[in-house]
Amino acid sequence: MANTAPDVQHPLNAGRLDHIPGENGWPVIGNSLEDLRDPRAYTRRMLDRYGPVYRHKLFFHEQVSMIGPEANEFFLLDREQALSSEQGWMPFLKDLFPRGLMLLDFDEHRAHRKIMTVAFKTPAMKHYCERLNLGVPARIGAWGQAGRFRFYDAIKALTLDMATDAFLGMKPGGQSAKVNTALSDMVAASVALFRYPLPGTLYGRGVAGRRFMIAFLGDLIAKRRGGAGRDTFSLLCNAKDEDGNSFTDQQIIDHMNFLWMAAHDTITSSVTTLVYELGRNRDWQEKLAAECDTIGGEHLDYGDLGRLELVDYAFKEAMRLNAPVPALPRMTVRDTEFGGYALPKGTLVGISPTFVHRMPELWPEPNRFDPMRFSQEGGVRDRHKYAWVPFGGGAHMCLGLHFATMQAKIILFHLLRHWRIELDRPDYEAHFQIMPLTKPKCGLPVRLVRRS
């Protein structure tokens with residue numbers, strides 16, 4: 001399939017958005033530092049001062065933020081096809097994750113997504129489930145023998161190895177550390193204020209990480225084409241739609257690069273939040289452990305995933321408390337409007353899942369861990385459909401959402417059946433940084449105690 005990316009449109013000249021309430025902050029950098037320091041507090045200040053639609057300047061770009069579940073619905077469903085995900089993300093990711101599925105639009109996005117679904121159909125998911133069950137128990141056992149350790153670092157290494165196995169069909173080895181460094185550098189560079197790839201700078205390390213990943217994946221493609229591998233990479237190398245269209249080498253690299261990052265970093269973030277909350281809420285930890293004990297055998301079979309209902313609620317609540325991707329951008333490709341304000345073509349717009357997920361108007365006691373919010377008894381059907389959007393929505397709904405949920409359930413199954421999670425101190429309070437992906441600043445020190 002040939003690349004057909006449209007030319008990127010740039011935000012409108014200053015003054016074209018003056019009809020929208022807001023501020024531009026400091027010269028050049030705008031309000032970027034305030035947003036990076038505490039995104040939720042910054043959003044609350046702007047919302048209280050200007051209302052749910054406001055303009056501001058972040059990361060050198062004048063943009064419009066839209067806050068609330070109605071804004072999420074407008075943004076994600078994009079019924080008028082007026083919002084470009086590609087052009088929204090390009091100012092931040094063009095040198096790092098270009099041409100991944102999230103950075104494609106409309107017909108091209110649908111065509112690529114249709115080919116990629118082969119990697120997330122039931123046969124592929126069953127294969128991933130088998131592979132994950134084989135690798136996870138020993139790693140968790142090693143955590144238990146280690147005494148005190150930083151959970152975020154440990155789960156990050158584990159999910160990288162899980163991705164290496166399920167996505168590449170390779171045993172973790174010497175390249176894993178290099179891949180981990182490359183992906184971490186690319187993610188960190190996505191919010192760099194200085195965006196020129198000088199060696200040694202944050203952005204320079206990110207661009208170098210992409211070069212490494214291009215070479216690493218590119219060398220493997222010829223070996224996988226025409227093969228019978230069941231890993232994601234092999235499936236994408238051989239996937240075709242009903243018209244015989246397949247991916248070029250570069251498209252395979254771009255999709256794998258983005259997919260690997262998304263699956264690795266977002267599951268790391270969400271499981272870390274869940275483990276932290278289970279360490280603080282021992283009653284819920286015991287409830288989930290008891291549910292895991294109802295599954296017979298030492299592995300969590302694919303057909304048993306649906307039986308872990310409370311684990312599912314708890315995972316969703318963890319993603320509510322700390323959305324792994326805190327903000328989403330788009331750019332208008334035609335004139336549109338929202339909330340009574342005109343949004344001319346070329347306007348960078350964004351929503352904030354991390355803020356909406358903790359709005360007290362939507363979530364009573366929003367900072368409290370309560371998985372039952374996602375049960376029928378907890379009113380899940382009465383809540384606005386777009387009050388909870390960790391996986392996005394509409395045409396760009398995360399293709400790997402079921403894979404992410406499966407990973408989390410397998411990890412929790414093997415962890416809670418044999419180990420009790422204890423935080424480093426009973427009164428320990430983790431401080432999570434939110435940009436570019438949510439993670440605890442001190443790595444979340446924990447210890448595992450074997451259950452009797």
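I started with R450 and looked up its contacts (heavy atoms within 4.5 Å). R450 touches Q145, H418 and W419, leaving out residues up to four places away in sequence. I found R450 in strand β12, residues 445–450. Strands (E, at least two residues) and helices (H or I, at least four) are DSSP runs, numbered from the N terminus. I then took the distance from R450 to K287: 17 Å, C-alpha to C-alpha, across 163 residues of sequence.

A note on the source. I am working on a predicted model, where local features need pLDDT of at least 70, side-chain atom pairs count only at pLDDT 80 or more, and totals for chains, interfaces and linings use all residues. Residues are numbered from 1 along each chain as its sequence is written, and side-chain values use heavy atoms, with hydrogens and water left out.

Next, the core. I used this definition: a nonpolar core is a set of buried Ala, Val, Leu, Ile, Met, Phe, Trp, Tyr and Cys residues joined through side-chain atoms within 4.5 Å. Buried means under 20% relative accessible area, exposed over 50%, and partly exposed in between (1.4 Å probe, protein chains only). The largest nonpolar core has 140 residues, and M66, W260 and F403 have the most contacts inside it. Helix α11 (residues 249–280) gives the most to this core, with 15 residues. I listed the contacts of M66, again without residues up to four places away in sequence; among them are P52, F74, F75, F338, L343 and I351.

I turned to α11 itself. At 1.5 Å a residue its 32 residues should span 46 Å, and its end C-alpha atoms are 47 Å apart, which agrees. The expected span is 1.5 Å times one less than the number of residues. Of the 32 residues, 29 are buried, so α11 is largely enclosed by the rest of the structure.

T272 lies in α11. T272 counts as buried because its relative accessibility is 0%. Beyond neighbours within four places in sequence, T272 is in contact with F151, Y152, I155, F432, P440 and L444. T272 and T336 are 64 residues apart in sequence and 39 Å apart in space, C-alpha to C-alpha.

Which residues of α11 and α13 meet? I267, S270, T273, L274 and E277 in α11 meet A314, F315, A318, M319 and L321 in α13. The two helices pack at an angle of about 105°, with their axes 9 Å apart. Axes are lines fitted to C-alpha atoms, for helices over the stretch in contact, and angles run from 0 to 180 degrees between N-to-C directions. α11 and α13 are therefore roughly perpendicular to each other; that label covers 65 to 115 degrees, with under 35 roughly parallel, over 145 roughly antiparallel and the rest oblique.

I checked a second pair. Helix α7 (residues 151–168) and helix α8 (residues 174–189) pack at about 110°, with axes 10 Å apart. In α7, K156, L160, D161 and T164 meet S176, V179, N180 and S184 in α8.

Last, α2 (residues 39–50). Its 12 residues reach 16 Å from first C-alpha to last, close to the 16 Å expected. P39, R40, Y42, T43, M46 and L47 are buried. These buried residues fall within an arc of 160° seen down the axis, so they line one face of α2. The arc is taken from the directions from the helix axis to the C-beta atoms. The face turned away carries the exposed D48 and R49. Cover over the buried residues includes α1, β1, α13 and α14. Just after α2, G51 takes a positive phi of about 95°.
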